[in-house]
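Have the sequence and the structure at hand as you read.

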Amino acid sequence: MIEDGGTCLNWIFPELLVVSTATATQTLRTHARELFANIGVSRIIVVDDEYSTTDVEDLLGICAEIGPTLAAELPHLGEVDFGAPQEIWTDRVREVWETLDVTGRQKLIARANARATDAVEPPLETGGDEPEEIDATAARSLEVLLGQLEDCEYITLSLGDWKRHSGALLADENASSTVLLFDRDLSREKKDATDGGIELIREAQATKTGYCGLISHTVSRESEYADWLELANKYTLDRDRFVVISKARLTGNEGDCYGFLGMLRLAALCDGFAVVKSEAWSIFQHSVEKAKEAMNRLSILDFDRIVFESSRREGVWEPDTLFRVFSILMRRQARFRLHEETISSAVAHARNLSAVPEEIASALRGDSASHEALRIQRFEAYESGDELNRFHAPIELGDIFETEENKKRYILLAQPCDLMVRSNGKRSYDAKLGRTAALVELVDEMAEEAMNWEELPFYDNETGKSAFASFAKAHQVQLAILDLCAIRADGSAIIQVNAPSPQLLISPWKARYKELKRVFKTALGRWERLGKRHVDNELKLLALPRFSTTVRVDAAVQGETVQYSLKRVMRLRQPRSGALLTSFAQYQARAAFEHEFDQRPDV
């Protein structure tokens, strides 16, 4: 059992708790070296006011602390005899110190600090909560992680050093493969430079050389993405050429050094991905223009037949059909261009940068899923209630409804053709508007046998957590009541029997609305006649169309308005909703056997 550093190893590399601290540190450095070689990073420059003070007395104190063996391994001090009396070797260290320039002194101090950390504490140790302690700990951790990598030069500079040497560093042969890490707050060295690192990023971006990262103790690991967007917009920075990195990744307080390596990898990927996006956008624009030309070539006859006649026949909104046609034409044009050499070479370059060995990739997967990736994934999988209801989208397979009483949610699973409202406002074989369909309850967890449920991935808007459709909890419900949700802009199942048709309803659903008003007006007549006979309210409700016999949804009447406690809240899109319907059909068609007379023995 490790007495020293065991806890720290838990956040550095969990699988290495049973080995020495030195071994864990070497593993980290090995992964860092392989990663940088893979993505083509040959140099990392850190600009921080932490490096503005260089004092030989600090160096002498560290040498005395770490002992002669480790001190002799420091850069430039290999020929100093640390076995001699202290007054002799200190004079010799001072002589070496005088021969070094500022950069050499800073590198020597940084390496000495890292050696001191290795000697008496676990590597990348937990720092305090004060900014000065975070900055100091992060500087030592950077040296431990990056200071001794083969084939990747590590340079630490103060703000003044950067001002003097940046021109040469951004113009030499390694400039294009350099990662520049700027501390955000440089006020220790320059009073008005609390955002000094941001200005340095702006200057570096103007040269279009290297990759930039802004490191800061004012940023948490969770806020890196949000701060990146905010700073890019506020300071008009090129978002495709820098990342924001929390120093907490280097202190042990909130993350591990693999997260930091992952952020450096992203910094190096920025430019390659920017080229791919630029080339792709050029193709998209060209494809849009070509699709527009193809649309303009359609004759009046073709346009009427494709867009209006087919939509009218199937009860589809004409702009949806128009967008479908345009998408087909645009996709066809894009396919030709996507295989051209320019974007192919850009994609190949970015692919090589993105790919890392699986062992390193596994270690870099510590962070939670990207919020933006989750958001786009949900765009593909779901439509929000606001999108559906505001424009009176027809009821479709995958629509999700919520009851007001207990906030339970249900998903509509029915064959799409059976849900389609035709031009006469009716569904096939449903002259009296009595057709029913299945609503399946959604639950948070499922512990039953696999055939009884199906997963709805990325369901939760914030976390992306899945929901589950419980096929055993299926209910037949009146479609006419679900239809009311498409009439209202808020998605509620409410109808006013003398209200005009909403302007945005498509033509078949305007006819549907007339049919619904007829049905519910008749029901209200029965309601009023029962009221004149002083019938109990619970019995009067039987005059209204009943939602279901197996799931409760309350109904209420106020004047000419009928309201059910139900609302459409979202939709699971195709093809996921279609796959869910298939699974539900298989569940309903499952085989049934006679019961067994005795329990079979375990095999």
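A residue is called buried when its relative accessible area is under 20%, exposed when it is over 50%, and partly exposed in between, using a 1.4 Å probe and protein chains only. By that scale, 48% of the 603 residues of the chain count as buried.

A word on the source: this is a predicted model, in which local features need pLDDT of at least 70 and side-chain atom pairs count only at pLDDT 80 or more, while totals for chains, interfaces and linings use all residues. Residues are numbered from 1 along each chain as its sequence is written, and side-chain values use heavy atoms, with hydrogens and water left out.

**The chain as a whole**

The secondary structure comprises 22 helices and 14 strands; these are DSSP runs numbered from the N terminus, with helices being H or I of at least four residues and strands being E of at least two. Taking a contact as heavy atoms within 4.5 Å, residues 24 or more positions apart account for 71% of the contacts with a separation of 6 or more. The accessible surface of the chain is about 31,600 Å², and 51% of it belongs to carbon and sulfur atoms. Such areas come from the Shrake-Rupley method with a 1.4 Å probe, and for residues only the protein chains shown count as cover.

**Salt bridges**

A salt bridge here is a side-chain nitrogen of Lys or Arg within 4 Å of a carboxyl oxygen of Asp or Glu. The count by this rule is 30 salt bridges, including these:

| Pair | N to O distance |
|---|---|
| Asp161 and Arg164 | 2.5 Å |
| Arg573 and Glu383 | 3.8 Å |
| Arg571 and Asp399 | 2.4 Å |

Where do Asp161 and Arg164 lie? Both belong to helix α8 (residues 159–169), three residues apart, which puts about one helical turn between them. Asp161 is buried at 1% relative accessibility, whereas Arg164 is exposed at 56%.

The salt bridge between Arg573 and Glu383 starts from the loop between β14 (561–572) and α22 (576–588), where Arg573 lies, and reaches Glu383 in strand β6 (residues 382–384), so it ties together parts that are 190 residues apart in sequence. Arg573 is partly exposed at 28% relative accessibility, and Glu383 is buried at 18%.

Arg571 forms its salt bridge with Asp399. Because Arg571 sits in strand β14 and Asp399 in strand β7 (residues 399–403), this pair ties together parts that are 172 residues apart in sequence. Both residues, Arg571 and Asp399, are buried. Through shared partners, salt bridges join Glu383, Glu396, Asp399, Arg568, Arg571 and Arg573 into one network.
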